[in-house]
Amino acid sequence: MTTSPVLPVTLDRAAGGPLGTQLADQVRRRITAGRLGAGDRLPSSRALAVELGVARAVTEQAYGQLVAEGWLEGRHGSGTFVAAAPPLSAPRPIRAAARATDPPLLRLGAGTPWIDPRHQALWRRAWREVSVAQPPAGYDDPRGLPELRAELADRLARTRGVDCDPDEVMVTGGTSDGLRHALGALRPGPVSVEDPGYQAAVAVVRATGREVVDVPPLAVPDLRGLAAAYVTPAHQHPLGPMMPGALRLDLLAASRGSGAVILEDDYDSELRYDVAPVPALAGLDRDRVVYLGTASKSVAPSLRLGWLVAPPAVRERVERQREVTHDAVSWPVQRAFLSLLREGYVDRVLRSARRVYARRAQRVVAALGPHGETAGPVAGMYATFEMPAERARAAQVAARRAGFDVPMLADHCRSARRHGLIVGFGGALDDGQLDAALAAMVRGLEG
C-alpha cells in the first residue's frame with residue numbers, strides 16, 4: 001500500500017482492482033467532496049508516479065480517464081487542473097465509492113488490447129477532426145467511406161499481402177458483423193469451425209441458422225457438402241499456432257474441389273513479436289477466400305469497426321443487401337478511424353503494444369511454463385497453457401481469490417476435450433497486477 005503526500009491518495013495492490021482505476025476513483029471523490037476545487041492544479045503524472053512508486057502509465061491512465069469524464073482539464077504547457085465545472089453526466093460519488101469498496105475481478109481476457117497512453121493526443125485530435133467535418137447529406141455508402149476504403153486497401157497490400165482495390169473493400173462493424181454478412185451471401189449448408197475455437201464465430205454461424213461442424217485446429221476438413229470453413233490462420237484462437245504454408249495450400253485445394261468458401265479471420269495478425277507477420281491466406285487465392293479484419297486489437301473492441309474483402313460474387317450480394325437495409329458503420333467512427341490511420345496512430349499503438357506484449361509474454365511463460373504446455377509460440381496478447389482439468393481449475397480458483405478472473409480453455413471447446421488456462425496480458429493490466437495474478441496461479445498449481 002502506497003500513499004502520496006503530494007496528492008493525498010492511497011493505492012492498495014492487494015485490493016485486486018487496477019491501480020489506475022483506484023487512483024481515478026479517489027481523485028474523483030476528492031473533487032465531488034469539495035476537497036479539490038475548480039482550478040486546483042494536480043501534480044504531473046510523472047511526479048505522482050514517483051511518489052506512489054508505480055509506472056507512469058498508471059497515473060496517465062487515471063488522468064486521461066478523468067479528463068475524458070470532464071473532471072480534469074489539461075492546459076498546454078501548464079499542467080492538469082480540476083475542471084471549472086463538473087460534467088453533467090458525472091457519476092454520483094456514492095457509485096464511485098461503491099466501486100472502490102467492492103472492486104470487480106480483473107479479467108485476464110484474450111481480446112482487450114493494451115493502448116499506450118502516450119498516444120492519447122492523436123486519439124483526441126481524430127475526434128476533434130470529426131467534430132468539424134461535414135457529414136454525408138443522405139445515407140452512407142454501404143461499402144464505407146471511400147477515403148477509408150482506400151487507406152485500408154493500401155494497408156492490406158502493405159502489411160498483409162492482400163492486393164485489392166478500394167472498391168473491393170467493405171467497412172464492417174467488426175469481425176462478427178463481417179462474418180454475419182458473408183454467411184448471408186453464401187449458398188446453404190453447414191460451416192466448419194475450429195474446435196477449440198472462437199466462441200463469437202460459433203455463435204454467429206448458429207444465429208444464421210447454419211449447422212456448425214467441429215474441426216480440429218491445423219487440420220484440413222472434408223469440405224464436401226459445406227458452405228464454408230472458418231479459420232484463424234495467422235494465430236489460431238485460442239491455442240495460438242500459425243497455419244503452416246503447406247496446410248494453407250491444402251485448404252485452398254479442398255475449397256476449390258468442393259466449392260466451399262474459406263472465411264479467414266485474420267486474428268492477431270499484426271501482433272507478432274517472435275517473427276515477422278505472415279501474409280494472409282487471402283493473398284494466395286482471392287477467389288476462394290473471404291478476408292475479415294478488425295480494429296479491435298489495434299484500437300479498441302468498443303470502436304466496432306472492421307473490414308471485409310470478398311470474391312466478387314459474395315461482395316456483390318453483400319452490397320445489395322446492405323443497400324436495402326442501410327446497414328452501414330457509423331460515419332463518425334469511420335471518419336475518426338480514417339484520421340487515426342493517416343496520422344500514424346494505429347502503427348504507433350501497434351509498435352508500443354508489441355514491445356509490451358513481448359516483455360509480458362516472457363514473464364507469463366517463465367511463471368506458468370513449468371506447469372503446462374503451449375501449443376505453439378506465444379504471440380499476441382495472451383498465452384494458452386494446456387494442463388489437466390483439475391489443475392487448471394485450482395489455478396483459476398486461486399486467481400479469483402486474489403482478484404483476477406482467468407479464462408479456461410475448456411470453455412472454448414465443443415466436441416474437443418482439452419483443458420488449461422488462457423492467460424491474457426493486455427487491457428488495463430499493469431506489470432504489478434500481472435505478477436500478482438501469476439503468483440496466485442502458481443500457488444494454486446503448486447498447492
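Where is Ser-296 found? I located Ser-296 in the loop between E12 and E13. Helices (H or I, at least four residues) and strands (E, at least two) are DSSP runs, numbered from the N terminus.

Before going on, I noted that this is a predicted model, where local features need pLDDT of at least 70, side-chain atom pairs count only at pLDDT 80 or more, and totals for chains, interfaces and linings use all residues. Residues are numbered from 1 along each chain as its sequence is written, and side-chain values use heavy atoms, with hydrogens and water left out.

**Ser-296.** Ser-296 has a relative accessible area of 6%, so it is buried (under 20% is buried, over 50% exposed, partly exposed in between; 1.4 Å probe, protein chains only). Leaving out residues up to four places away in sequence, Ser-296 touches Pro-113, Pro-301, Arg-304 and Leu-305. Contact means heavy atoms within 4.5 Å.

**Sheet.** I traced the strand order next. Seven strands make an open sheet, E7-E13-E12-E11-E10-E8-E9, with mixed pairing. Two strands pair if DSSP finds at least two bridges between them. E7 (169-172) and E9 (212-215) are the edge strands; each has a single partner strand, so one side of each lacks a neighbour in the sheet. From one strand to the next, the twist averages 20°. I then looked at E8 (residues 191-194) and E10 (residues 228-231), which pair in the parallel sense over three bridges. Ser-192 has Ala-229 of E10 as its bridge partner.

**H7.** Helix H7 (residues 175-184) lies across E7, E8, E10, E11 (261-265), E12 (289-294) and E13 (306-309), and runs at about 155° to E12. Axes are lines fitted to C-alpha atoms, for helices over the stretch in contact, and angles run from 0 to 180 degrees between N-to-C directions. The axes of H7 and H8 (residues 199-207) come within 10 Å and cross at roughly 30°. On the H7 side, I found Ser-176, Leu-179, Arg-180 and Leu-183 in the contact; H8 brings Ala-200, Ala-201, Val-204 and Val-205.

**H6 and H11.** I finished with this pair. H6 (residues 146-159) packs on H11 (residues 331-342) at an angle of about 40°, with the axes 9 Å apart. The two are therefore oblique to each other (under 35 degrees is roughly parallel, over 145 roughly antiparallel, 65 to 115 roughly perpendicular, the rest oblique). H6 contributes Glu-147, Leu-148, Glu-151, Leu-152 and Arg-155 to the contact, and H11 contributes Gln-334, Phe-337, Leu-338, Leu-341 and Arg-342.
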